[in-house]
Amino acid sequence: MKQLPFLRRPLLAVGACLATVGLAGATPFFVASPVAAAQEAGTQAAAVRLDALAVTRAVESAGGTAAAQEALVIPESDVHRALVYTLGSTELESRKVNVYIDEEIRRQVAEGAERSAFDVTDEEVAAAVEDTLRQIKEQYPTMAEESVLAHNGIQMESLGRMTAQSKLFERVFLPDDPSEWPATTREAIKASAGDEFLQRLEESHAQRQELLASGDEAAAAQQEAGQAMFRMLMRQMVMQSLNSSSEIETASDGLPEGVAMRVNGVDIKTEDIYASIAGRVTDHDRHLAEQWVTKCALLERVLKSTGNYLSDEDFKAAYDAYEEPYKGSPLNLEVIVRSFKRFPSMEAFRRYFRLMKSYEAMIGEELTDETLTEHLPRANRLMGVGSIDVEFILCSAFDFANKQWLEGGWSQAAAEARTVAQGLADSAGEDWDALLAQHSDFWDPPLSTTPQQQQPKRKNQGRFGALNRNELLQYLEESDYTCFLEGWSVGDEVFFSLEPGQLGGPWIGPYGYYFARVKRRIPPSKIQSLGDPTFRDMVVQDYVAVRFNEFARDIYEAATAEGQ
């Protein structure tokens, strides 16, 4: 199965040449993206296969051995495992937590606890689910409960099971009375917050009990409500401790085919997780999973051919060194990877990291001061937190309110983009504001009716305002992960290439066709040089990441190019 990469250049040049480029000449460039083609064809391949000639082209394009290569065949099980690590990451995490809960229950029962003390009844779960749905309806009266849950990564059909697990976790690890907490919990809290914090929690519980005994239920309830945030924090502390003290293996650790994760010797089977998500795997999800496994497998083949693929020992040493500064911090590596780099799972990041560090070894002689000096303008704009005041028009193939792809959405988005391009060309860009108001599909969820400490940032139909590079990618729902997967990003194209007053696009991006206008640039707050060793290391990291994404894209294109 051959696949084309996302287009990484504008499909139609706009800006200075708007007045001279007519729509007729641009129409042929509005080709369907591979995701669009996959979604609207409605077909799924049994596996991905690149013949020997395609793999040989990829290897030779990287300067690898000219010897003939074997065909690359991605079995269906690998595609399923990739889907489990992405679309099924929440379910996989839940199965891991089940292992932790079962281990702790066995430990406490062995110490004399009654197994029935941990039972969570159906009535408790039903009441908690009902309360959750009631709160959703009160806070977001104009949205369906299913949509609100979907925007939080939860399926309605799994809400009951997740609620039951959450209650069981608290019953096992965080019962109401801190003096009853198991050693696992107490050690985790002490390690993260210290003995004094634990002592204050015990005193606070005792005070609530005194209030209840005196009949002052209102004051007790108020104090309990104030502890809700702390309970979430404590759960995070316990989970961080469990994760760090457990032996967790994934595919990059050499697990056999069919096993997605091994937790303290307990296997979590790929097909068990896949069965729970199969009903909601779209052609879009399928395409991205195939692209991920194909690109990673190609890179591994190429880097082995050049002699640069890290051995298991070298990979472990490099990964451990990378993780070390994050240990013991609330911003641990998993938070950085999942929340900021936006990788769908730690397994996906580990595989990416091994490939990227292998590539870094391949270009080691290239990392000179001369090369890095040429990279400095980008590095200073990025790390000096420069920003741009920018507006976007999105012609979307996606229904944001209901978190689903529109039927025939890519064809509709392309037609809409043609209309916008024609309007911009006819007006030499003067009708930008009107076209944005009429055609831009960026969506903001309704604000909660309940006052919140921090309201979510609004996209204002594409009128983003001043953003730094990372903020811009977040607004566009791009990330380090998507930059690798697609080989480029709309956000980077705009942030680093467009100048004030310029229009750009349309580009194919995550959800449709994008146009952009940069209103102004705000320069970096600080300009640094390679003389600072810490800054130099950061420049190297960014340079390698940029070059690696380009390398991976070119390898993928060489292997999947049509007509060769």
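Author: Contact means heavy atoms within 4.5 Å. This is a predicted model, in which local features need pLDDT of at least 70, side-chain atom pairs count only at pLDDT 80 or more, and totals for chains, interfaces and linings use all residues. Residues are numbered from 1 along each chain as its sequence is written, and side-chain values use heavy atoms, leaving out hydrogens and water.

Reader: What do the buried residues of α18 pack against?

Author: Helix α18 covers residues 369–383 (helices, H or I of at least four residues, and strands, E of at least two, are DSSP runs numbered from the N terminus). Its buried residues (under 20% relative accessible area, 1.4 Å probe, protein chains only) include Leu372, His375, Leu376 and Met383. The buried residues of α18 pack against α21 (469–475), α23 (490–497) and α24 (533–560).

Reader: Why does the pair of Phe398 and Tyr511 count as tilted?

Author: The structure holds 31 aromatic pairs (Phe, Tyr or six-membered Trp rings with centres within 6.5 Å; planes under 30 degrees apart are stacked, over 60 edge-to-face, the rest tilted). Phe398 and Tyr511 are both buried. Their ring centres lie 4.9 Å apart, and the pair is tilted because the planes are at 45 degrees.

Notes: Buried means under 20% relative accessible area, exposed over 50%, partly exposed in between (1.4 Å probe, protein chains only). The expected span of a helix is 1.5 Å times one less than its number of residues.
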